[in-house]
Structure formats: C-alpha cells, structure tokens
Amino acid sequence: MATVAQLVGIQRDENNQLIPSLAGINKVDPDEFPALAEPVAALNTDIRTLYSQAWSNQEQEDRENDRHFLDRAKEYVELNEQVETSNALLTDLSTFLSTFQRDLSAVSGHISELQGRSKTIEARLAARKAVERSLSPLLSAIIIPPALIQTIFETEVSEAWVPPITELDAKLGAIRSGPRIESRKALDDAAEGLRLHASLKILTYFISLLRPFSLSISGSLYQLQTSHLLPLKPLFDFLRRHAARQAHEFQKAYVSTVRWYYETGFRRYVRALEKLRLKAVEKVELIGEVNLGSKASLALLSKKNNVVTGPGAGEAHAQVMQSVQIEGPPVILAHQAADSAYRPPPEALFRSISLVLMDNAETEYSFIAAFFGQHSSLAPMADRPESPNPGLFSPPSGGTSFADEMDGAESVLGSEAGKASIAGSTWSKDDRGDKLRKAVVEGLWKSVMEPAQEYSRNFASALVDSTSLPSATSLLAMIRLNESIIALFVDQHHCPPMESHLIGLRMTLWPTFSKLMNSQIDSVRKINGSGGSSSGGVLAKAVGATSVKDSAVQIITLRYAELFNAFVALSGEQDEEMVFGSILRLRQELDRLLLNQASRISDPLKQKAFLATHYEELLQGLSAGLSTHPRSQTELAHYRELARKSK
C-alpha cells in the first residue's frame, strides 16, 4: 500500500528530512485514495501546493539533464562514430577470422600428417639410439683426439707425456681388439704411425739419459734412476707393450751402461783400498811366536793390564768392534788413500768394500725390480713417493757420484741410494708369473753387478791371502760382519741375488779362520815339544822345545787373554762351538806350557809361585773382558780352580 508521502509527492532524504519528489506518485494505486484520505488530512498541508512544488522540481531536473546532454553532444557524436568504426573493424575481423578458420583447418590437416611422420621418425630415432649405445663405447675408445697427436709429434718427451701415452695405450688396445673392416684401414694406419713415432721418440730420449753415464762416472746414478727413469716408467711400459724391440734395446743399453759405471767406479775404489791395504800390511805373530824385541811384545808387556774389551779398552779393539757393526762409522773414502799416515786395519777395509757393495747392490736391485720387473699397467704415477727412503749407509746430504767419492766428498758410489725402498719392488708369492719376473730381475741385476762383485771378491781374497794374513780377531770380525749382512739383506729378501756372493765369502773366511787357529795352536804345541806343523815359530827356532823364557810365557798368556776376550766380544750364538772349540784346544796347550815351564823350576814353592802368578795374570786379563758372558764365566772358573790348586 502506498504511503501518504508517496501520494503527496514527498520523500525522505538521507538525513530523514522531507523533500518534494514525484518519483513515487506513479506507483500509487487510485483505489487506495480513500484509505489515504485520513492520513492526508492529518498533514495540514495543501496537496496541490506540494504537487506543484514537486512538479516544478521535476521540470528543473529535466532541464538540467537536457543541458547536460546538450553539453556532451559532441562527445556522443564522436562516440557514435567510433562505434560505427568498430563495427566496420569487427566486420573485417570477422572476414579475417573466417579466412583464418579455413587456413587453420588446412594446417590441422598438415599437423595430423606431421604427427604421423613424427611417430615414424621417433621410431627410427629409438632404433638409432639403440645402435648408438652399442657403438658409442667403441667409437669413444678408438677416436684419437687431435691434442694427443699434437703432443706426440710436436712436443719433447718429458714427464708430461705420461697421461698422453696412457691414453694412446688405451686407444691402441681398443683399435687392435676391434673388428677388422675395410672402413677402419685409415684409422689403423694413423694409429700405427703414431705408435712408431712415439716409440722412436721415447727410445731416443731414454738413450740420451744414459749417454752421460757411458762416458763418465761423475754423474749420480741414483738421481738418474729416481728423478728421471722411475717417473717415466709408464713410457717404458708402453715400449714393452707396443714396441718390444725398442724396449729390449733400451734394456740392453741400460745394462751395458750401468755395468760399465759400476765396473769403473769399483775398480777405482778397490784400487784406493788396495793402496791402504799395502800400507798397513804387517806380519801378524802367532801366539807362540814371541820376538821379545818386537814393538808388539814390548807394548803388551808395558800395558799388560790394559786388556781388550774391558773398561778403557785399547783403540785397536774399539776399531775391531766398530768394524762388526753395519750401522757403525762411515766407510773409508777413496781419497783417504792419499793420506800417508792413514792405515786402517784389514777389518775396516773389508767392512768398507762390503757395505759399499751391498749399498749399491741393493739400490740397483730395488730399481731393476721396480722398473724392469713390475708392470704399471700404464697408470699415471700420481701416487708415487716423492723420494725413496735414504740408504742405510748414506750421509744426510744428497746422492753423490763416483767422482765425488774419489775427491773424498761424501760417500762412495753414491751411497745415498742405500736400500731405497721403492714402491712395488716386493715380490708377491701369489702372483702368476712371479718366478719369471724374479728370474728376469735377477738376471739383469747379475749382468749389471757382476764386475762390482768380482772386484769386491778379489779384494776380500787379497785381505785374507796367506802372504798377508790378518789376525784371528780381524778375521772373526770379518766373519761376523759378513754374517750380519747375510741376515739383514738376504734372509730379509732385500737383495736375494747377493746370497751366492756372501756365501762365497763365508766359505772363504771360515776355512781361513780355522787354518789360522790351527796355526795358533801349533805354535804353542811346538813350544811344548808336541810336534805340530812343519813351520815352527821364531821362538821354537831360537830356544828349542824345552827352554822358554818366563817373559815369553808371560807374553803368550797375555796374548791368550786378549784373544779370548776378543772372541767373547765377537761371539755369535750359531757358531760358538766353531770358535771356542779352537780356543779350548789353545787353552789346553797354554795350560801344558805353564806346567812345563813350572816343571823346569826345581824349588816346589817357586813352581807354585810361578803358576799362581801366571794364573792371576790370566784372571786379571780375562776379568777385564765381558766377564758376565757364560764363556768368560767358564774360563774364569777354570783358572780360579787352577790358581787354588797351585797354592
């Protein structure tokens, strides 16, 4: 139902104020007028006035709208033109879209056709990928990159060649193992040319490294082996695998060159030692050959209490004990032969030649085993040690040459090489072909070291020659040193090929020692009048078998104590019986000598005094040695008992 306000043309604004408005009059149903009469009467307002006012407001609003539209007529016209233009564009666009639709239909047909072709191509691609998967490893393995060819043909051989040669070895192996087809002929020819060129350059370079050592021994062989050849071992392995003739040619060149190097060096060194040996040659008196006027006898009588091996032992015995030790004093240098006052004992000369030989022999064996006896599979040597361990007999400074030793520089024969522990030189008993490789290594080693062994063997034989036989103590010191070398270097597999040389020395030294000890015993037995060897001592010729001066007997007893103490100090567990069996026989003759000499004294008291005096001297002499040794204890107990019985 309409309200009174709508009937009279009144409307409330936002502030709830009454304003004239005809907007709601048209909505009043005439049938509702009677019902509205009472509310209208309550307004106390003339409806006609309100209506007139509302109508006036309506006309004012219409005029304002007309003026507003007239003011924007130009804009409406322009807008109309734009609409017409847009309609024209839409018409053209519609035509274009119709054409595009026809073209799109055609393209759709082409796309369908292309999709079919794409499926065909995808099937072919899948088939080709399957073929590629099978061919890709072969192609990547046989393709020779230009950089590799450039390195082989345009650069000089150096350690930088190791990676390229490793790669070339892999390429050649792949090419040779691949199928032999006509299309690969060009590749085979290129690979063969590259192999020949690389082999020739490697061999030429290796030979150039050896050339200085074939003309002079002034260079350091140790430096050649460790700084030049070992880093390039993969190059030699390449020759051994792909150019066996060149590898064998270098192997022969190395053996020939190094053999000459060692032969020349040892010849010069042995010549220097021989000069020292000849200067120090003195006839060694046997224990029963007493020349009362000799310097040795007088010195022994003057210091009879200064017996070897005890506290304050003499310098001579100290030298003997040092000569038994491997890690003892430095070896004798060749230039020391020029010193006229320098006269080393025979055992020092033997020690020097033995250790120098072992030092170089072990170094050479380690190198040959690592370079010629092992195959590196041409792997890059990135994990190799910077340098081998220094040699056992090496000075703290760097490796030297033979020329340095002849000038007395540091050591003999570049001894820093020592027992270089080169990785990979230890044999594995489980490897197949181990015996063959070991035979090859030992064959090469013997070819190289044979002259050095011969010079060493000849010099050792000269040291124990019957015309210049050393003392029994010196001989035993040589034997002990030789046994120590056998235990260290042969039994521990540091240099197995040296065993025959060392065993040969053992077979020379022990019979010589046994013969010398028999001569010692015979010299006392001759005095006792019990016969013996045909060559009697000076004392036997001078005074006969029944008359001996007391001073001579005193010298013999002091010599015995000195010899016994030296043997105890040099004794070894394995051959004590061989050494002390002779000492026991000599003691028996000494006891007989003392009893015989005492029996020539008519006064019993003087006899006992004579025996007691000499037994006491023996006890003092023996006590100055290693008195805690079981042999010394036994010997001391023996003479204590004799001293007790003589009282």
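Trainee: How many residues apart in helix H10 are Arg245 and Glu249?

Mentor: This is a predicted model, in which local features need pLDDT of at least 70 and side-chain atom pairs count only at pLDDT 80 or more, while totals for chains, interfaces and linings use all residues. Residues are numbered from 1 along each chain as its sequence is written, and side-chain values use heavy atoms, leaving out hydrogens and water. Helices are DSSP runs (H or I, at least four residues), numbered from the N terminus. In helix H10 the two residues are separated by about one helical turn, being 4 residues apart.

Trainee: How far apart are the closest N and O atoms of Arg245 and Glu249?

Mentor: A salt bridge is a side-chain nitrogen of Lys or Arg within 4 Å of a carboxyl oxygen of Asp or Glu. Arg245 and Glu249 form one, and their closest N and O atoms are apart by 3.8 Å.

Trainee: Is Glu589, which forms a salt bridge with Arg525, buried or exposed?

Mentor: The closest N and O atoms of Glu589 and Arg525 are 3.4 Å apart. Glu589 lies in helix H20 and Arg525 in helix H17, so the pair ties together parts 64 residues apart in sequence. Buried means under 20% relative accessible area, exposed over 50%, and partly exposed in between (1.4 Å probe, protein chains only). With a relative accessible area of 7%, Glu589 is buried.

Trainee: Which residues are linked with Glu589 in a network of salt bridges?

Mentor: Glu589 also meets Arg592 in a salt bridge, at 3.6 Å from N to O. The network links Glu589 with Asp522, Arg525 and Arg592.
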